[in-house]
Amino acid sequence: MTLAFSQQVYANDQRDAFIKALMGKMTIAEKIAQLNLVTPTSKTGPFATKNAFLKLKDGSAGNVYSVMGEPDFIHEKAMLADSTSLKIPFLNGLDIIHGYKTVFPIPLGLSCSWDSILIEQTARVAAIEGSAVGYNWTFSPMVDITRDPRWGRVMEGAGEDPYLGSVVARAMIKGYQGDDLKSETSLMACVKHFALYGAAEAGRDYNTTDMSRLTMYQYYLPPYKAAIKAGAGSIMSSFNDIDGVPATANKWLLTDLLRDEWGFKGFVVSDYNCIQELVAHGVASDYEEAAGKALIAGLDMDMASESFAGSCQKLLDDGKITIDQIDAACHRILEAKYNLGLFENPYRNFDPGKASTVLLCEKHKQVAKEAACKSMVLLKNENQTLPLSRQSKIALVGPLADVQNQMFSMWSFRGETDSIVTILNGLKKQQNKIVYTEGSFITDEPVFLGKSRGFYNDQEQAEMIAKAIEAANQSDVIVAVLGETSNMSGEAKSKTDISIPNCQRQLLKALKATGKPVVLVLINGRPLTLTDDLQFADAILEAWRPGTMAGDAVADVLFGKYNPSGKLTMTFPRSVGQIPIYYNHKNTGRPYVDGQRGGIMKFNSYYLDELNSPLFPFGYGLNYTSFRYGEIQLSDTLVTGDKGKLTAKITVTNTGNYTGEETVQLYLNDPVASLVRPVKELKKFQKIYLEPGESKELEFELTTEDLKFYNHDLQWQWEPGDFNLFVGTSSSDVKVAQFNWQK
Ligand code: GLC
């Protein structure tokens with residue numbers, strides 16, 4: 001429900017008057033309590049808050065997260081607010097990252113759908129389910145740009161591109177918050193992790209980040225800004241330092257940029273224990289100093305460290321902070337609660353019966369199945385191995401083929417494992433000629449072995465492989481489901497080796513040696529180095545962690561009921577040594593294109609022992625059909641003026657035998673500018689659906705807005721000159737045209 005401007009102004013005045021009156025009744029201790037976010041569990045961080053529920057009850061904490069359990073339990077804890085003198089309702093948050101009870105593919109997988117409407121739908125379903133059990137706040141979307149798959153949290157984001165990352169961020173905010181934050185089915189979003197967290201050096205989680213302001217503005221900041229402009233109610237400061245100052249105490253980041261430059265009106269919550277960690281970073285000598293620095297920098301709410309609760313009164317008494325700074329933070333938090341409608345309807349007409357009607361309902365599962373299908377990316381398909389015939393005898397092999405909880409990620413802790421359709425079960429629903437065998441341990445990596453993680457032994461491994469070969473020899477085709485476990489990616493899950501675990505690769509090799517066609521289905525949370533495995537698979541389907549409807553979706557894709565249309569949003573490297581590797585790179589003064597320049601002794605920018613090109617580039621994804629791209633038709637080759645417009649048309653034809661969906665991507669390159677510009681940048685894309693033989697003419701309209709970039713003075717501007725325009729099926733398979741744009 002959008003209000004007319006005058007109504008909005010009146011509504012804001014009403015809100016401000018209400019908050020002013022409320023704050024007029026609050027003691028300093030009650031104001032400080034609003035800045036305090038506690039948690040009864042250490043499910044997603046190093047520790048739980050001692051006596052969290054007591055602190056909520058006595059009013060020393062004003063917000064809570066990760067209260068997990070049945071709706072009645074969550075509601076009972078939320079009602080502790082009624083025990084406090086002013087009965088100010090709590091923000092009640094949870095990491096609802098890719099679904100609550102109905103679990104969707106991991107966000108990195110979902111982003112490969114390039115389908116903003118679908119992505120919004122998944123966030124809407126997550127909000128309906130999360131709000132039905134009593135939450136009003138989710139720590140999502142994670143919009144960190146990522147170029148390093150060693151970092152385990154790449155699974156939580158939308159990959160490497162700022163334009164696509166911004167499209168996904170807007171869709172998630174809209175889905176979570178809906179049209180009216182006061183609606184009972186809305187969740188207030190919390191954009192994270194602000195900022196640059198995905199650029200952790202060496203892909204090691206929580207590590208330092210270091211980049212120029214130009215790189216920040218051009219590549220890493222846009223999705224956060226897009227989320228703020230889309231109306232996100234809150235934002236979370238990240239663990240890392242920026243320009244040497246940790247985000248949580250970084251005034252340039254939290255005040256100058258976020259509030260003064262971007263106009264953000266919501267509140268900033270720290271990530272888990274970030275205030276205390278200022279001491280470990282080395283910018284505060286104790287927690288009291290840390291709390292003061294964070295508040296003064298612009299942090300409003302303290303997650304889990306209780307530093308504000310423990311130090312603000314003393315800092316105030318010592319004149320190190322002001323009551324205005326406490327009031328400002330408290331006001332923003334009360335405003336968020338007001339915007340959520342919590343003062344009128346603190347428990348949103350809580351009704352446990354409502355939850356049971358929405359959690360995992362058929363409609364939501366259908367969205368989950370569509371999302372899983374559209375997130376999958378066909379990486380290889382030789383000899384038309386896929387789609388499978390329903391007449392084929394299938395040997396289904398692999399340690400991830402029939403394990404329910406491996407279809408989720410580490411963040412889907414409220415998902416119902418029993419509800420998951422495994423790949424075996426999904427295939428069985430559609431075909432009855434399947435022989436299944438585990439084939440291998442999940443891993444032989446020592447770090448993952450030990451009493452709690454299951455044992456590995458060569459003898460048993462050899463026996464499992466022998467059984468798999470036996471099954472393969474009796475079948476027409478092998479489907480091998482391999483990859484990572486859910487605890488190999490996610491928070492604090494960085495890896496230096498991002499290949500499929502060795503024992504699984506041995507299985508794959510043995511299966512290929514049978515001479516039967518091999519379909520590799522990947523279950524993983526990051527781009528993997530598959531270079532040596534390609535030869536052992538005739539077809540490769542990247543299925544990510546597909547969520548609740550995993551088996552049905554994989555079956556639909558393998559049997560051709562759904563023609564895979566996903567496109568990678570993060571580059572797959574050939575080897576870890578190439579990282580960071582991303583499509584929108586710069587040309588350098590000594591560019592080198594694999595195989596196009598002299599011998600290995602030429603003085604160019606390349607590796608002696610590896611190609612420059614990725615294994616699979618950004619925007620890449622095959623289809624069961626084939627598409628032919630015509631030549632680009634430009635409305636002009638010379639355009640003038642700020643208000644000029646240019647139309648690029650291209651005809652795409654389905655030249656294959658299957659109806660298919662294609663994501664047509666448009667990139668620009670500015671070959672000569674005041675700054676080095678990337679070889680190409682995604683500017684637009686359109687999804688089309690073509691029957692066999694059908695053609696469609698697509699039209700893209702360009703304005704000077706599409707030419708703009710941040711110049712050395714960080715001004716968002718465009719410069720006249722020649723431009724290269726690319727349209728194609730991936731960032732490396734494009735048609736090219738040129739135009740010139742003059743002032
Ligand atoms: C974690 C994560 C963050 C999450 C928060 C609350 O440390 O960094 O993404 O939202 O704590 O669980």
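Let's start with the largest cavity. It has 17 lining residues. Nearest its centre lie Ala 78, Gly 134, Pro 346, Tyr 347 and Arg 348. The space inside the largest cavity is about 170 Å³. Keep in mind that this is a predicted model.

How many cavities of 30 Å³ or more are there? The count is 6. Now, where does the ligand come in? The space it takes is the second largest cavity.

So much for the spaces. On to the ligand itself.

Next, some individual contacts. Take Thr 44: one of its polar side-chain atoms is 2.5 Å from an oxygen atom of the ligand. Asp 95 also puts a polar side-chain atom 2.5 Å from a ligand oxygen atom. Then look at Glu 491. Here a polar side-chain atom and an oxygen atom of the ligand are 3.0 Å apart.

And how much of the ligand does the protein cover? On its own, the ligand has 310 Å² of accessible area. The protein covers 100% of that.

Last, let's step back to the whole chain. The protein is divided into three pieces: domain 1, domain 2 and domain 3. Domain 1 comes in two stretches, 1-87 and 248-344. Domain 2 runs over 369-558. Domain 3 takes 627-742. How far apart are the C-alpha centres of domain 2 and domain 3? They lie 37 Å apart.

How values were computed
Residues are numbered from 1 along each chain as its sequence is written. This is a predicted model: local features need pLDDT of at least 70, side-chain atom pairs count only at pLDDT 80 or more; totals for chains, interfaces and linings use all residues. Side-chain values use heavy atoms; hydrogens and water are left out. A polar contact is a pair of N or O atoms within 3.5 Å; within protein, one must be able to donate a hydrogen and the other to accept it, and residues adjacent in sequence count only if both atoms are side-chain atoms. Accessible areas come from the Shrake-Rupley method with a 1.4 Å probe; for residues, only the protein chains shown count as cover. On a 1 Å grid over the protein atoms alone, a cavity is a set of points where a 1.4 Å probe fits but cannot get out, and a pocket is an open set with protein on both sides within 12 Å along at least five of seven lines; lining residues have an atom within 4 Å of a point. A molecule sits in a cavity or pocket if more than half of its atoms lie within 2 Å of its grid points. Domain bounds come from an automatic or database domain assignment. Grid points are joined across faces, edges and corners, and a volume is the space filled by probe spheres set on the points.
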